[in-house]
2 protein chains.
Amino acid sequence: MLDFRPILFVIGVLLSVLAFAMAIPATVDAASGHADWQVFAAAGAVSLFVGIALVLTTRSGWGAFSVRQGFLLVSLAWAVIALFGALPFAFSELRLSPADALFESMSGVTTTGATVIVGLDAAPPGILIWRAILQWLGGIGIIVMAIAVLPVLRVGGMQLFRVEAFETDKILPRAAQLAGEISIVYLGLTAAAALLFWSLGMDGFDAVAHAMTAIATGGYSTRDASVGHFDSAVIDYAVSLVMVLGSIPFVLYLRVLRGKPLAPLRDSQVRWMLIVLASAIALLSAWLVHGGQFALPDALRYTTFNVVSVMTGTGYATNDFDLWGGFAMVVFFLLMFVGGCAGSTTCGIKIFRFQVLAATAGTQLKRLMHPHGVFLAYYHGKPVPEQVSLSVTSFFFLFIGAFGLLAAALALVGLDYVTAISCAASAIANVGPGLGPIIGPAGTYASLPDTAKWLLCLGMLLGRLELFTVLVLFMPHFWRG
Amino acid sequence: MLDFRPILFVIGVLLSVLAFAMAIPATVDAASGHADWQVFAAAGAVSLFVGIALVLTTRSGWGAFSVRQGFLLVSLAWAVIALFGALPFAFSELRLSPADALFESMSGVTTTGATVIVGLDAAPPGILIWRAILQWLGGIGIIVMAIAVLPVLRVGGMQLFRVEAFETDKILPRAAQLAGEISIVYLGLTAAAALLFWSLGMDGFDAVAHAMTAIATGGYSTRDASVGHFDSAVIDYAVSLVMVLGSIPFVLYLRVLRGKPLAPLRDSQVRWMLIVLASAIALLSAWLVHGGQFALPDALRYTTFNVVSVMTGTGYATNDFDLWGGFAMVVFFLLMFVGGCAGSTTCGIKIFRFQVLAATAGTQLKRLMHPHGVFLAYYHGKPVPEQVSLSVTSFFFLFIGAFGLLAAALALVGLDYVTAISCAASAIANVGPGLGPIIGPAGTYASLPDTAKWLLCLGMLLGRLELFTVLVLFMPHFWRG
Ligand SMILES: [K+]
Ligand SMILES: [K+]
């Protein structure tokens, strides 16, 4: 039997943190005279009560985690946080249905950014900042998980990023120290981004909310027209910059602080991300200018913003790229799958996996010519063990397979072809918007049937937790072991 | 330096076979009084002349093939056959442009079945039978290649199908014997199918042509309305049966002939293919009946035919499934990638690769729970070597990657989103029709820009030759080695 106590203990701690986070929207709503402050206060009290109850009743079980407990904790923690995070949506003046409330909350903590709320411009400030907080917490949660948990659990090739210092006995103190340092960096970047956005013309509230959702590559906006609302080229470029900063492995920022300012640019994953971004921007700009849709400055501005937004899986919009023609739609569809770097707030397949996939396929091609030769795949100058190659290539298969099954399921509950396909990709890659008039950059998820929303919650969770973490729970082996 | 002589020798032999095959449409056209018989006679003479010239000038170089020569031969042979096979299209009364003629011929020999010809019902019989012959030759060509060549070249996991008897010194005589036996089975199945179709009401010519393109899972029809022209439920089911027969590994038929009639049903690849087919048919029938589009008998008839046609990559149509709604479109889109069994005439990713992919991903999930355990992926009761898993998973990545790049390239030259995406899938999986009004089951490829047609020729060749075979030629390593 699995010992659930350490799992429930950690979930209790996380719920308590969530409860304190709810004090922020409560304060904001109270200060601006919105009655919703009571909803946040009540939801916070419930979360705190459950959290503390869990901590108190299970602390006796605290100890080292087994691998199975680790997997269960990760999936369960994310699901429970989404559940409690949904309370304010269900009971605020928006009165979202259970499916809508969970969808909005899950889309928040997984940093997906797909929304069912129409009328953001008129929404109470508490709800707006709560959406930003969910994404911001989800962002730092995923970074800490990618650094401290997933490599140890060997999820989808993440063992490549096992921090060497962890190979000692003092895993826990070292992980806690690293997580603390990175949280400070995350907070610092968010503050810097907020100041930048504010200095460029956003009001203070919008600046803080967008800073939080940009660094988390989450994409929730305070405006129905998303970042397009501000209609400013410098704001577009500034937000693009912050989204890129959120897509870089956060451990690299620690190296920057330790006197290696060029560390991010020396990282092959970051380099490839920038190369892919630049190529997509150049190609799409050329396409738009050639087609006469925009002059070069506007083309550059809109493609930069939207390519960065889609590939990093942020999901802000400034322009309805559904109207840019077939080539733009295909490029955006493909970019959804790419994602940013491992150890950042982005989701998707991620750059390092494409590097490993390409290197592995390359060695296979070489082996065809010299069946008895020994060829190693390299990542970042080091040979990739075959088990890591198998882990990454299996991840790719499961990602595409999950995408296909989700697309079919969404079509079965009534979505049209273009919506179902792009919706599935957008959910599993935690992007946010899809393609087409319904869920495209100018639409929302509000009109989708409830079954579709439940399916999408599962898809977002699967994608955010790198598939393996959730799928392993469905192996009969897991519960027998 | 590579010695090209053995390569050119074999190509010379194949061209001579092609030349003799051209005698058939020449005879048919002459018998029915069509002037096109001269085109076939001239094209045959040219092919024969070049073929014999190649044989005579290079026979001195005959000897054992190196691996590199093997790869070059396969790609070059398929391209050259497509080129000479295009001659009749360019010079017949259809007067196809160079891009159209090569497209039609490449679509024929790769058994894709995408057509640029509008007005098949009124086309001269020589051209109609020539299209069928190209697919029929392509079909047997691919079976022989899958049995005798690809396993030795270890392409994309095909080493699983290395015939044990080949592990001796007498590879060549054994391969030749096996190829001969299988060709007889192929011919026998074609004749039986033609008799069946004729007995069910097709005229002799249609019966023979459809038998050739059904067993080859090619999908060229003699009618603009494809098999829908005959509007007969029994013909639909009979053609479905022959398409399934064409999707089974042909070595299994030899076992049937050797007194093991149930051999195909004992093969796990065949079983899974039938399970996937049956599931898709059941799901789609339920969807159509539930949506009120068809009564159950019609729903079963149309879904059986079209599911079999798309999944086996044949590409006949009896009903415009583009009008069946979003779920049907997503299912057909996904089925395009699946394909049939290795060692048959089908293309696509193929059932055995999905079995290996699932088994490999399964072992990765088990390893997550027990990092130090040893877990083997199994295929057909035998452990799959890790190199085979890597070969198959790399194949999957390259297949999806090639699909994505081709879709982007097609959109760049002007295709809309739905057409570009489904066109790329259909070409690489050698299916034939795509989705949407342009290239859907009711459309043709005639209106596509020439650049798109050239790109599709490359895509069809890539897919038919299992990617690796062609991609290996693009490695600098290949030409240096
Ligand atoms: K997002
Ligand atoms: K076909």
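Biologist: Let's start with a residue: is A:Gly218 buried or exposed?
Modeller: A:Gly218 is buried, because its relative accessible area is 0%. Buried means under 20% relative accessible area, exposed over 50%, and partly exposed in between, with a 1.4 Å probe and protein chains only. Bear in mind that this is a predicted model, in which local features need pLDDT of at least 70 and side-chain atom pairs count only at pLDDT 80 or more, while totals for chains, interfaces and linings use all residues. Residues are numbered from 1 along each chain as its sequence is written, chains are lettered from A and ligands numbered from 1 in the order in which they are written, and side-chain values use heavy atoms, with hydrogens and water left out.

Biologist: Which residues are the protein donors of the potassium ion (ligand 1)?
Modeller: They are A:Thr111, A:Thr112, A:Thr217, A:Gly218, A:Gly313, A:Thr314, A:Asn430 and A:Val431, each through O, lying 2.2 to 3.2 Å from the ion. Donors are N, O and S atoms within 2.8 Å of the metal (3.2 Å for Na, K and Ca), and water is not among the atoms, so sites may look incomplete. In sequence the donor residues are spaced T-T-x104-T-G-x94-G-T-x115-N-V. A:Gly218 is in the loop between α8 (204-215) and α9 (233-246) of chain A and A:Gly313 in the loop between α13 (296-311) and α14 (326-338), so this pair ties together parts 95 residues apart in sequence. Helices here are DSSP runs (H or I, at least four residues), numbered from the N terminus.

Biologist: And A:Gly313, buried or exposed?
Modeller: A:Gly313 counts as buried, because its relative accessibility is 5%.

Biologist: Changing topic, how many residues of chain A are in contact with chain B?
Modeller: 57 residues of chain A are in contact with 57 residues of chain B, where contact means heavy atoms within 4.5 Å. Together the two chains bury about 5,300 Å², 79% of it on carbon and sulfur atoms. Buried area is the accessible area (1.4 Å probe) that two parts lose on being put together, summed over both.

Biologist: How many salt bridges are there across that interface?
Modeller: The rule finds 0 between chain A and chain B. A salt bridge is a side-chain nitrogen of Lys or Arg within 4 Å of a carboxyl oxygen of Asp or Glu. On the side of chain A that touches chain B, α16(A) gives the most, with 16 residues.

Biologist: What about chain B, which residue forms a salt bridge with B:Glu104?
Modeller: B:Arg131 does, with the closest N and O atoms 2.8 Å apart. B:Glu104 lies in helix α6 of chain B and B:Arg131 in helix α7, so the pair ties together parts that are 27 residues apart in sequence. Both B:Glu104 and B:Arg131 are buried.

Biologist: Last one: where is B:Arg255?
Modeller: B:Arg255 is found in helix α11 (residues 251-257) of chain B. B:Arg255 counts as partly exposed because its relative accessibility is 42%.

Definitions and conventions. Helices (H or I, at least four residues) and strands (E, at least two) are DSSP runs, numbered from the N terminus.
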